[in-house]
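Please examine the sequence and the model before working through each solution.

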Amino acid sequence: MLAVSDDTARELIERHKLPMMMVAQKLRVPKAIFDHWYETQDHYHNTEDRERDQATLETSMTVPEMGRLLGLDRRMAWALYYKERDHLEMIRVAERPRITKRSFEKWYAYQDEYRLLSEQNAAETDAIESMQHEQDDGKPVYKDFISVDDAADFLGLNRRQVYHLIESDQLGAKKTGRKLLVRFTDLQTIAKEESEDGKYCSA
């Protein structure tokens with residue numbers, strides 16, 4: 001019934017001191033006593049309850065799972081839940097808290113502060129693709145903005161040095177979704193100004 005081994009069943013009987021009786025030369029727990037124990041615990045489920053729980057699992061998610069959808073870590077996900085708990089329906093499956101997908105989808109449709117990570121990544125890809133294309137020889141021809149990694153390659157620097165140039169306002173930059181992009185014309189200016197003394201070298 002509980003889909004556990006005989007050893008686990010015996011351990012449960014001993015641990016919870018469930019009385020047993022001999023029936024047809026077999027030790028059995030009286031059904032009324034088992035039913036009472038079953039209703040007062042939440043760790044073990046019978047086949048019917050497991051099927052019901054599975055259906056509920058498929059229509060709900062944990063708070064950390066919600067966070068991963070939105071690109072949030074565990075702490076930020078729980079902070080978001082407590083902030084929006086009037087709109088996010090919390091249920092429990094096997095005593096574990098879960099948010100119904102229906103309430104999440106409804107909340108998501110009527111707010112504009114958060115975006116699904118999949119949408120963020122798609123926006124970043126579209127933005128970067130709109131900023132650069134390739135020549136026939138396969139080398140990139142940049143338009144307005146490029147990634148920090150590409151900027152580092154262009155100047156022959158590492159990422160930390162590029163961030164320093166941004167922080168010191170020598171490079172213009174902007175955020176697209178979660179990605180920081182650097183103004184390519186600023187890179188060209190720096191490369192041109194520093195090319196004589198060899199401080200930077202363009203790729």
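**Exercise 1: Helices α4 and α6**

Task: Describe how α4 and helix α6 (residues 101–109) cross, and state which residues meet.

Solution. Step 1. The axes of α4 and helix α6 (residues 101–109) cross at roughly 35° and come within 12 Å. Axes are lines fitted to C-alpha atoms, for helices over the stretch in contact, and angles run from 0 to 180 degrees between N-to-C directions. Helices (H or I, at least four residues) and strands (E, at least two) are DSSP runs, numbered from the N terminus.

The model is predicted: local features need pLDDT of at least 70, side-chain atom pairs count only at pLDDT 80 or more, and totals for chains, interfaces and linings use all residues. Residues are numbered from 1 along each chain as its sequence is written, and side-chain values use heavy atoms, with hydrogens and water left out.

Step 1. The crossing of α4 and α6 is right-handed; a crossing is right-handed if the near helix is turned clockwise from the far one by less than a right angle, and left-handed if anticlockwise.

Step 2. From α4, Met66, Leu69 and Leu70 meet Phe104, Trp107 and Tyr108 of α6, where contact means heavy atoms within 4.5 Å. By class, the contact of α4 with α6 comprises 6 nonpolar, no polar and no charged residues. Ala, Val, Leu, Ile, Met, Phe, Trp, Tyr, Cys and Pro count as nonpolar, Asp, Glu, Lys and Arg as charged, and the others, Gly among them, as polar.

**Exercise 2: Helices α4 and α5**

Task: At what angle do helix α4 and helix α5 pack, and which residues meet?

Solution. Step 1. Helix α4 (residues 63–70) packs against helix α5 (residues 74–83) at an angle of about 105°, and their axes are 8 Å apart.

Step 1. The helices α4 and α5 are therefore roughly perpendicular to each other. Angles of 65 to 115 degrees count as roughly perpendicular, those under 35 as roughly parallel, those over 145 as roughly antiparallel and the rest as oblique.

Step 2. Val63, Pro64, Met66, Gly67 and Leu70 in α4 meet Arg74, Ala77, Trp78, Leu80 and Tyr81 in α5. The contact of α4 with α5 divides by class into 8 nonpolar, 1 polar and 1 charged residues.

**Exercise 3: Serine 103**

Task: Is serine 103 buried or exposed, and what does its side chain reach?

Solution. Step 1. Helix α6 contains serine 103. With a relative accessible area of 9%, serine 103 is buried; buried means under 20% relative accessible area, exposed over 50%, and partly exposed in between (1.4 Å probe, protein chains only).

Step 1. The side chain of serine 103 reaches the backbone nitrogen of glutamate 89 at 3.0 Å.

Step 2. Not counting residues up to four places away in sequence, serine 103 touches His87, Leu88 and Glu89.

**Exercise 4: Helices α8 and α9**

Task: Determine how helix α8 and α9 are arranged.

Solution. Step 1. The packing angle of helix α8 (residues 148–155) and α9 is about 100°, with their axes 9 Å apart. Therefore α8 and α9 are roughly perpendicular to each other.

Step 1. Val148, Asp149, Ala151, Ala152 and Leu155 of α8 make the contact with Arg159, Val162, Tyr163 and Leu165 of α9. The residues of the contact of α8 with α9 comprise 7 nonpolar, no polar and 2 charged.

**Exercise 5: Isoleucine 146**

Task: Where is isoleucine 146 placed, and with which residues is isoleucine 146 in contact?

Solution. Step 1. Isoleucine 146 belongs to strand β8 (residues 145–147) and counts as buried at 1% relative accessibility.

Step 1. Leaving aside neighbours within four places in sequence, isoleucine 146 is in contact with Ala151, Leu180, Leu181, Val182, Phe184 and Leu187.

Methods: Polar contact = N/O pair within 3.5 Å; in protein donor to acceptor, adjacent residues only side chain to side chain.
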